[in-house]
Amino acid sequence: MATALRTLQLFPFVSLAPHPTPIDELSRLRAALGPDCPRLLMKRDDLLSFGQGGNKVRKMQTVAAEARKAGADMLITCGGVQSNHARVTAATGAVLGMRVVLVANGAKPATLTGNARLDALFGAKVRYVPSREDRNTMMATVADEARAQGRRPFIVSLGASTPTGALGFARGVEELVASPHRPTAIIHATSSGGTQAGLIIGCALFGVKTRIIGISADDPSASLSATIAELLGGAALTLGAQPSTLGADAALEVDDTFVGGGYGVPTPESTDALQLVARTEGIVLDPVYTAKAMAGLLARARGGEWRRDDTVLFWHTGGVPGYFA
Ligand SMILES: Cc1ncc(COP(=O)(O)O)c(C=O)c1O
(Lines give C-alpha, C1' and ligand atoms only; values in the text may rest on other atoms or scores of the structure.)
Protein backbone atom coordinates (compact mmCIF):
# COMPACT_ATOMS: atom_id res chain seq x y z
CA MET A 1 0.00 0.00 0.00
CA ALA A 2 2.76 2.44 0.99
CA THR A 3 4.67 1.50 -2.17
CA ALA A 4 1.61 1.98 -4.37
CA LEU A 5 0.97 5.38 -2.78
CA ARG A 6 4.56 6.45 -3.37
CA THR A 7 4.37 5.25 -7.00
CA LEU A 8 1.21 7.31 -7.46
CA GLN A 9 2.82 10.40 -5.95
CA LEU A 10 5.84 10.02 -8.23
CA PHE A 11 3.82 9.14 -11.33
CA PRO A 12 4.89 11.18 -14.41
CA PHE A 13 2.85 14.35 -14.39
CA VAL A 14 2.68 17.58 -16.38
CA SER A 15 1.45 20.40 -14.17
CA LEU A 16 -1.27 22.25 -16.06
CA ALA A 17 -2.79 24.18 -13.13
CA PRO A 18 -1.94 25.01 -9.55
CA HIS A 19 -3.61 22.91 -6.86
CA PRO A 20 -5.48 22.57 -4.54
CA THR A 21 -8.90 23.70 -5.71
CA PRO A 22 -11.11 25.13 -2.96
CA ILE A 23 -13.63 23.15 -0.94
CA ASP A 24 -16.64 25.41 -0.38
CA GLU A 25 -19.34 25.14 2.29
CA LEU A 26 -22.79 25.23 0.64
CA SER A 27 -24.65 26.67 3.63
CA ARG A 28 -27.37 28.48 1.69
CA LEU A 29 -28.16 25.40 -0.41
CA ARG A 30 -28.25 23.38 2.80
CA ALA A 31 -30.66 25.87 4.41
CA ALA A 32 -32.91 25.69 1.34
CA LEU A 33 -33.18 21.92 1.79
CA GLY A 34 -34.49 22.14 5.34
CA PRO A 35 -33.37 21.33 8.89
CA ASP A 36 -32.53 17.66 8.30
CA CYS A 37 -30.14 18.25 5.44
CA PRO A 38 -26.55 17.06 5.99
CA ARG A 39 -23.63 19.46 5.78
CA LEU A 40 -22.90 20.11 2.10
CA LEU A 41 -19.46 20.81 0.65
CA MET A 42 -18.31 21.34 -2.92
CA LYS A 43 -14.86 20.54 -4.32
CA ARG A 44 -14.36 23.23 -6.95
CA ASP A 45 -12.57 21.52 -9.82
CA ASP A 46 -14.59 23.83 -12.06
CA LEU A 47 -12.09 26.45 -10.88
CA LEU A 48 -8.96 24.64 -12.07
CA SER A 49 -7.22 27.53 -13.75
CA PHE A 50 -6.35 25.89 -17.05
CA GLY A 51 -8.36 25.66 -20.25
CA GLN A 52 -11.58 26.57 -18.38
CA GLY A 53 -11.06 23.81 -15.83
CA GLY A 54 -12.89 20.64 -14.89
CA ASN A 55 -12.04 17.03 -14.15
CA LYS A 56 -10.37 16.49 -17.52
CA VAL A 57 -7.49 18.73 -16.45
CA ARG A 58 -6.59 16.29 -13.67
CA LYS A 59 -6.64 13.29 -16.00
CA MET A 60 -4.80 15.16 -18.74
CA GLN A 61 -1.86 15.93 -16.45
CA THR A 62 -0.77 12.29 -16.43
CA VAL A 63 -1.94 11.49 -19.97
CA ALA A 64 0.03 14.46 -21.36
CA ALA A 65 3.12 13.15 -19.57
CA GLU A 66 2.53 9.78 -21.25
CA ALA A 67 2.21 11.51 -24.66
CA ARG A 68 5.42 13.42 -24.08
CA LYS A 69 7.25 10.26 -23.05
CA ALA A 70 6.07 8.64 -26.30
CA GLY A 71 7.70 11.54 -28.18
CA ALA A 72 4.38 12.85 -29.53
CA ASP A 73 4.10 16.15 -31.34
CA MET A 74 0.37 15.83 -31.94
CA LEU A 75 -2.71 14.87 -29.90
CA ILE A 76 -5.80 13.27 -31.39
CA THR A 77 -8.96 12.67 -29.39
CA CYS A 78 -12.72 12.43 -29.78
CA GLY A 79 -16.03 13.34 -28.19
CA GLY A 80 -19.27 15.12 -28.89
CA VAL A 81 -19.24 18.57 -30.46
CA GLN A 82 -19.52 20.03 -26.94
CA SER A 83 -16.99 17.68 -25.32
CA ASN A 84 -15.24 19.13 -22.27
CA HIS A 85 -12.50 16.57 -22.71
CA ALA A 86 -11.87 17.71 -26.30
CA ARG A 87 -11.64 21.32 -25.11
CA VAL A 88 -9.06 20.44 -22.43
CA THR A 89 -7.08 18.39 -24.97
CA ALA A 90 -7.09 21.41 -27.29
CA ALA A 91 -5.77 23.64 -24.49
CA THR A 92 -3.14 21.03 -23.57
CA GLY A 93 -1.88 20.92 -27.14
CA ALA A 94 -1.65 24.70 -27.11
CA VAL A 95 0.44 24.87 -23.94
CA LEU A 96 2.69 21.95 -24.91
CA GLY A 97 3.18 23.15 -28.48
CA MET A 98 1.47 20.10 -30.00
CA ARG A 99 -0.92 20.09 -32.94
CA VAL A 100 -4.43 18.88 -31.97
CA VAL A 101 -7.09 17.19 -34.09
CA LEU A 102 -10.48 16.51 -32.49
CA VAL A 103 -12.89 13.97 -33.94
CA ALA A 104 -16.38 15.19 -33.09
CA ASN A 105 -19.54 13.19 -33.63
CA GLY A 106 -22.34 15.40 -34.81
CA ALA A 107 -22.94 18.05 -37.42
CA LYS A 108 -20.62 21.01 -37.76
CA PRO A 109 -22.46 23.83 -35.98
CA ALA A 110 -23.37 26.89 -38.06
CA THR A 111 -22.08 29.02 -35.18
CA LEU A 112 -19.46 27.77 -32.75
CA THR A 113 -20.60 28.05 -29.12
CA GLY A 114 -19.39 26.87 -25.70
CA ASN A 115 -16.68 24.21 -25.84
CA ALA A 116 -16.65 24.12 -29.66
CA ARG A 117 -15.85 27.83 -29.72
CA LEU A 118 -13.01 27.31 -27.24
CA ASP A 119 -11.63 24.38 -29.30
CA ALA A 120 -11.20 26.78 -32.21
CA LEU A 121 -9.73 29.46 -29.95
CA PHE A 122 -7.11 27.00 -28.67
CA GLY A 123 -6.18 26.28 -32.30
CA ALA A 124 -7.48 22.71 -32.62
CA LYS A 125 -8.71 21.32 -35.94
CA VAL A 126 -11.99 19.39 -35.90
CA ARG A 127 -13.05 16.46 -38.09
CA TYR A 128 -16.78 15.73 -37.90
CA VAL A 129 -18.22 12.19 -38.12
CA PRO A 130 -21.89 11.20 -38.17
CA SER A 131 -21.99 9.01 -35.04
CA ARG A 132 -20.11 7.85 -31.93
CA GLU A 133 -19.36 4.53 -33.66
CA ASP A 134 -17.34 6.32 -36.38
CA ARG A 135 -14.96 8.07 -33.98
CA ASN A 136 -12.27 5.41 -33.47
CA THR A 137 -11.92 4.71 -37.19
CA MET A 138 -11.57 8.41 -37.94
CA MET A 139 -8.99 8.85 -35.16
CA ALA A 140 -6.97 5.98 -36.67
CA THR A 141 -7.25 7.58 -40.14
CA VAL A 142 -6.12 10.97 -38.81
CA ALA A 143 -3.17 9.27 -37.06
CA ASP A 144 -2.18 7.42 -40.27
CA GLU A 145 -2.35 10.65 -42.28
CA ALA A 146 -0.22 12.42 -39.70
CA ARG A 147 2.40 9.66 -39.61
CA ALA A 148 2.58 9.78 -43.43
CA GLN A 149 3.47 13.47 -43.05
CA GLY A 150 6.24 12.65 -40.58
CA ARG A 151 4.33 13.58 -37.43
CA ARG A 152 4.24 11.60 -34.20
CA PRO A 153 0.56 11.47 -33.18
CA PHE A 154 -0.72 10.26 -29.80
CA ILE A 155 -4.34 9.14 -29.50
CA VAL A 156 -5.93 10.20 -26.22
CA SER A 157 -8.77 7.79 -25.38
CA LEU A 158 -12.31 9.06 -24.90
CA GLY A 159 -12.47 11.21 -21.76
CA ALA A 160 -8.78 10.43 -21.02
CA SER A 161 -10.34 7.55 -19.11
CA THR A 162 -7.40 5.17 -19.14
CA PRO A 163 -5.62 3.76 -16.09
CA THR A 164 -3.07 6.59 -16.51
CA GLY A 165 -5.84 9.22 -16.59
CA ALA A 166 -7.54 7.69 -13.56
CA LEU A 167 -4.24 7.92 -11.65
CA GLY A 168 -4.09 11.62 -12.54
CA PHE A 169 -7.46 12.08 -10.93
CA ALA A 170 -6.54 9.93 -7.93
CA ARG A 171 -3.85 12.43 -6.98
CA GLY A 172 -6.58 15.00 -6.38
CA VAL A 173 -7.71 13.09 -3.30
CA GLU A 174 -4.52 14.21 -1.55
CA GLU A 175 -6.07 17.71 -1.52
CA LEU A 176 -9.05 16.39 0.39
CA VAL A 177 -6.77 14.62 2.85
CA ALA A 178 -4.90 17.86 3.44
CA SER A 179 -8.19 19.63 4.27
CA PRO A 180 -10.02 19.27 7.59
CA HIS A 181 -13.00 17.60 5.85
CA ARG A 182 -13.88 13.92 6.11
CA PRO A 183 -17.06 13.44 4.07
CA THR A 184 -19.53 10.63 4.68
CA ALA A 185 -20.10 10.50 0.91
CA ILE A 186 -18.66 12.00 -2.27
CA ILE A 187 -21.10 12.51 -5.16
CA HIS A 188 -20.02 13.36 -8.70
CA ALA A 189 -20.98 13.04 -12.35
CA THR A 190 -19.74 9.90 -14.09
CA SER A 191 -19.61 8.98 -17.78
CA SER A 192 -16.45 7.39 -19.16
CA GLY A 193 -15.48 6.15 -15.68
CA GLY A 194 -12.04 7.69 -15.18
CA THR A 195 -13.11 10.17 -12.53
CA GLN A 196 -14.89 7.57 -10.41
CA ALA A 197 -12.01 5.10 -10.79
CA GLY A 198 -9.61 7.88 -9.80
CA LEU A 199 -11.64 8.78 -6.72
CA ILE A 200 -11.82 5.14 -5.65
CA ILE A 201 -8.05 4.70 -6.10
CA GLY A 202 -7.26 7.99 -4.39
CA CYS A 203 -9.51 7.31 -1.40
CA ALA A 204 -8.09 3.79 -1.02
CA LEU A 205 -4.45 4.92 -1.19
CA PHE A 206 -4.80 8.08 0.90
CA GLY A 207 -6.95 6.27 3.48
CA VAL A 208 -10.20 8.20 3.06
CA LYS A 209 -13.14 6.09 4.24
CA THR A 210 -16.20 7.33 2.42
CA ARG A 211 -18.89 6.29 -0.06
CA ILE A 212 -18.22 7.33 -3.66
CA ILE A 213 -21.44 7.74 -5.62
CA GLY A 214 -21.25 8.37 -9.37
CA ILE A 215 -24.38 9.74 -11.03
CA SER A 216 -24.37 8.63 -14.65
CA ALA A 217 -24.77 11.18 -17.43
CA ASP A 218 -25.56 8.53 -20.00
CA ASP A 219 -24.65 4.84 -19.67
CA PRO A 220 -26.47 2.18 -17.64
CA SER A 221 -25.06 1.39 -14.22
CA ALA A 222 -24.00 -2.17 -15.17
CA SER A 223 -21.86 -1.23 -18.17
CA LEU A 224 -20.34 1.81 -16.48
CA SER A 225 -19.49 -0.27 -13.40
CA ALA A 226 -17.76 -2.81 -15.66
CA THR A 227 -15.73 -0.01 -17.27
CA ILE A 228 -14.71 1.35 -13.86
CA ALA A 229 -13.73 -2.13 -12.65
CA GLU A 230 -11.57 -2.54 -15.75
CA LEU A 231 -9.88 0.82 -15.11
CA LEU A 232 -9.18 -0.20 -11.50
CA GLY A 233 -7.59 -3.44 -12.71
CA GLY A 234 -5.48 -1.55 -15.24
CA ALA A 235 -4.38 1.00 -12.66
CA ALA A 236 -3.35 -1.80 -10.30
CA LEU A 237 -1.17 -3.28 -13.04
CA THR A 238 0.33 0.15 -13.76
CA LEU A 239 1.20 0.72 -10.10
CA GLY A 240 2.27 -2.88 -9.55
CA ALA A 241 -0.31 -3.19 -6.76
CA GLN A 242 -3.01 -5.68 -5.81
CA PRO A 243 -6.41 -4.48 -7.16
CA SER A 244 -7.81 -4.69 -3.60
CA THR A 245 -5.20 -2.12 -2.48
CA LEU A 246 -6.83 0.32 -4.91
CA GLY A 247 -10.35 -0.31 -3.64
CA ALA A 248 -11.29 -2.68 -6.47
CA ASP A 249 -13.06 -5.16 -4.18
CA ALA A 250 -15.49 -2.63 -2.68
CA ALA A 251 -19.02 -2.36 -4.08
CA LEU A 252 -19.31 0.20 -6.87
CA GLU A 253 -22.07 2.78 -6.61
CA VAL A 254 -23.19 4.00 -10.03
CA ASP A 255 -26.67 5.54 -10.12
CA ASP A 256 -28.22 5.74 -13.59
CA THR A 257 -31.64 6.97 -12.52
CA PHE A 258 -31.01 10.64 -13.34
CA VAL A 259 -30.13 10.23 -17.03
CA GLY A 260 -33.71 10.94 -18.14
CA GLY A 261 -34.11 11.22 -21.91
CA GLY A 262 -30.40 10.57 -22.52
CA TYR A 263 -26.99 12.19 -22.82
CA GLY A 264 -27.25 15.97 -22.76
CA VAL A 265 -31.05 16.02 -22.56
CA PRO A 266 -32.04 18.09 -19.52
CA THR A 267 -34.60 16.68 -17.08
CA PRO A 268 -36.94 18.78 -14.90
CA GLU A 269 -34.81 17.68 -11.90
CA SER A 270 -31.49 18.69 -13.51
CA THR A 271 -32.88 22.07 -14.57
CA ASP A 272 -34.18 22.66 -11.03
CA ALA A 273 -30.80 21.61 -9.56
CA LEU A 274 -28.89 23.94 -11.87
CA GLN A 275 -31.15 26.85 -10.92
CA LEU A 276 -31.21 26.10 -7.19
CA VAL A 277 -27.40 25.99 -6.92
CA ALA A 278 -27.06 29.15 -8.99
CA ARG A 279 -29.68 30.99 -6.94
CA THR A 280 -28.48 29.91 -3.49
CA GLU A 281 -24.71 29.78 -4.00
CA GLY A 282 -23.91 31.77 -7.17
CA ILE A 283 -22.25 28.65 -8.59
CA VAL A 284 -22.78 27.48 -12.18
CA LEU A 285 -23.26 23.80 -13.02
CA ASP A 286 -23.33 22.38 -16.54
CA PRO A 287 -26.50 20.93 -18.04
CA VAL A 288 -24.95 17.66 -19.31
CA TYR A 289 -23.08 16.26 -16.29
CA THR A 290 -22.99 18.21 -13.06
CA ALA A 291 -26.64 19.33 -13.04
CA LYS A 292 -27.76 15.70 -13.27
CA ALA A 293 -25.29 14.71 -10.56
CA MET A 294 -26.59 17.51 -8.34
CA ALA A 295 -30.16 16.36 -9.04
CA GLY A 296 -29.03 13.00 -7.63
CA LEU A 297 -27.57 14.61 -4.52
CA LEU A 298 -30.70 16.71 -3.91
CA ALA A 299 -33.05 13.74 -4.33
CA ARG A 300 -31.00 11.67 -1.88
CA ALA A 301 -30.77 14.52 0.66
CA ARG A 302 -34.51 15.21 0.42
CA GLY A 303 -35.21 11.49 0.71
CA GLY A 304 -33.45 11.37 4.09
CA GLU A 305 -30.48 9.26 3.00
CA TRP A 306 -28.14 11.09 5.40
CA ARG A 307 -28.29 12.43 8.94
CA ARG A 308 -27.95 16.09 9.82
CA ASP A 309 -24.45 15.56 11.18
CA ASP A 310 -23.22 13.76 8.04
CA THR A 311 -21.09 15.58 5.48
CA VAL A 312 -21.73 15.15 1.76
CA LEU A 313 -19.17 16.47 -0.69
CA PHE A 314 -20.19 17.25 -4.26
CA TRP A 315 -17.13 17.04 -6.50
CA HIS A 316 -17.81 19.73 -9.12
CA THR A 317 -16.24 18.28 -12.25
CA GLY A 318 -16.61 21.46 -14.30
CA GLY A 319 -18.08 21.60 -17.78
CA VAL A 320 -19.32 25.15 -17.31
CA PRO A 321 -18.59 26.16 -20.96
CA GLY A 322 -21.38 23.71 -21.85
CA TYR A 323 -23.84 26.10 -20.21
CA PHE A 324 -23.05 28.57 -22.99
CA ALA A 325 -23.58 26.05 -25.82
C1 LIG B 1 -18.10 18.14 -16.68
C2 LIG B 1 -17.92 16.67 -16.62
N3 LIG B 1 -18.22 16.04 -15.48
C4 LIG B 1 -18.10 14.70 -15.37
C5 LIG B 1 -17.66 13.93 -16.42
C6 LIG B 1 -17.53 12.46 -16.23
O7 LIG B 1 -16.22 12.12 -16.03
P8 LIG B 1 -15.68 10.70 -16.52
O9 LIG B 1 -15.78 10.71 -18.01
O10 LIG B 1 -14.31 10.64 -16.02
O11 LIG B 1 -16.56 9.66 -15.94
C12 LIG B 1 -17.30 14.56 -17.63
C13 LIG B 1 -16.80 13.77 -18.77
O14 LIG B 1 -17.28 13.43 -19.71
C15 LIG B 1 -17.44 15.96 -17.73
O16 LIG B 1 -17.11 16.61 -18.87
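## Reading a predicted chain, from core to loops

Reader: Where is Ala160 found?

Author: Look in the loop between β6 (153-155) and α7. The backbone is worth a glance too: Ala160 is not a glycine, yet its phi is positive, about 50 degrees.

Reader: Which residue other than glycine also has a positive phi, near 70 degrees?

Author: That's Gln52, with phi near 70 degrees. Gln52 sits in a loop as well, the one between β2 (39-44) and α3.

Reader: Okay, let me zoom out. How many helices and strands are there in the chain?

Author: You can count 12 helices and 10 strands.

Reader: And how do I read the overall size?

Author: Compare the radius of gyration with what a globule of this length would have. For 325 residues, a compact globule would come out near 20 Å, and the chain has 19 Å, so the two agree. Along the principal axes, the C-alpha atoms fill a box of roughly 65 × 50 × 35 Å.

Reader: What share of the residues in the chain is buried?

Author: Buried residues make up 56% of the 325. As for the surface, the chain exposes about 13400 Å², and carbon and sulfur atoms supply 53% of that.

Reader: How many positive and negative side chains does the chain have?

Author: There are 32 positive and 28 negative ones, and the centres of the two sets lie 6 Å apart.

Reader: Now the inside. What should I expect there?

Author: Here's the general idea: in soluble globular proteins, nonpolar side chains tend to be buried together. In this chain, the largest nonpolar core has 32 residues, and the members touching the most others are Ile201, Leu239 and Leu246. Several elements each give this core at least two residues: α1 (2-9), α7 (163-170), α8 (173-177), α9 (194-206), α10 (221-239) and β10 (311-316). There is also a second, separate core of 30 residues, which includes Ile187, Phe258, Ala273 and Ala293.

Reader: Which residues does Ile201 touch, not counting those up to four places away in sequence?

Author: Ile201 touches Ala166, Leu167, Ala170, Leu232, Ala235 and Leu246.

Reader: Is α7 mostly covered or mostly open?

Author: Mostly covered, with 7 of its 8 residues buried. Those are Thr164, Gly165, Ala166, Leu167, Gly168, Phe169 and Ala170.

Reader: What do the buried residues of α7 pack against?

Author: They pack against α1, α3 (55-69), α8, α9, α10 and β10.

Reader: Can we try a residue with some exposure? Where is the place of Gly80?

Author: Gly80 belongs to strand β3, residues 74-80. Buried means under 20% relative accessible area and exposed means over 50%, so Gly80, at 22%, counts as partly exposed. Leaving aside neighbours within four places in sequence, Gly80 is in contact with Ala104, Asn105 and Arg135. Trp306, by contrast, is 36 Å from Gly80 in space, C-alpha to C-alpha, and 226 residues away in sequence.

Reader: One last thing: which peptide bond is cis, with omega near 0 degrees?

Author: Look at the bond from His19 to Pro20, which is cis. You'll find Pro20 in the loop between α1 and β1 (23-25).

Technical notes:
Residues numbered from 1 in each chain as written. Predicted model: local features only at pLDDT ≥ 70, side-chain atom pairs only at ≥ 80, totals over all residues. Heavy atoms only, no water. Helix = DSSP H or I, 4+ residues; strand = E, 2+ residues; numbered from the N terminus. Rg over C-alpha atoms; globule rule 2.2 N^0.38 Å. Buried < 20%, exposed > 50% of the residue type's maximum accessible area, 1.4 Å probe, protein only. Areas by Shrake-Rupley, 256 points an atom, 1.4 Å probe, with all protein chains shown as cover. Lys, Arg positive; Asp, Glu negative; His and termini not counted. Charge placed at Lys NZ, Arg CZ, Asp CG, Glu CD. Core = buried A, V, L, I, M, F, W, Y, C linked by side-chain atoms within 4.5 Å. Contact = heavy atoms within 4.5 Å.
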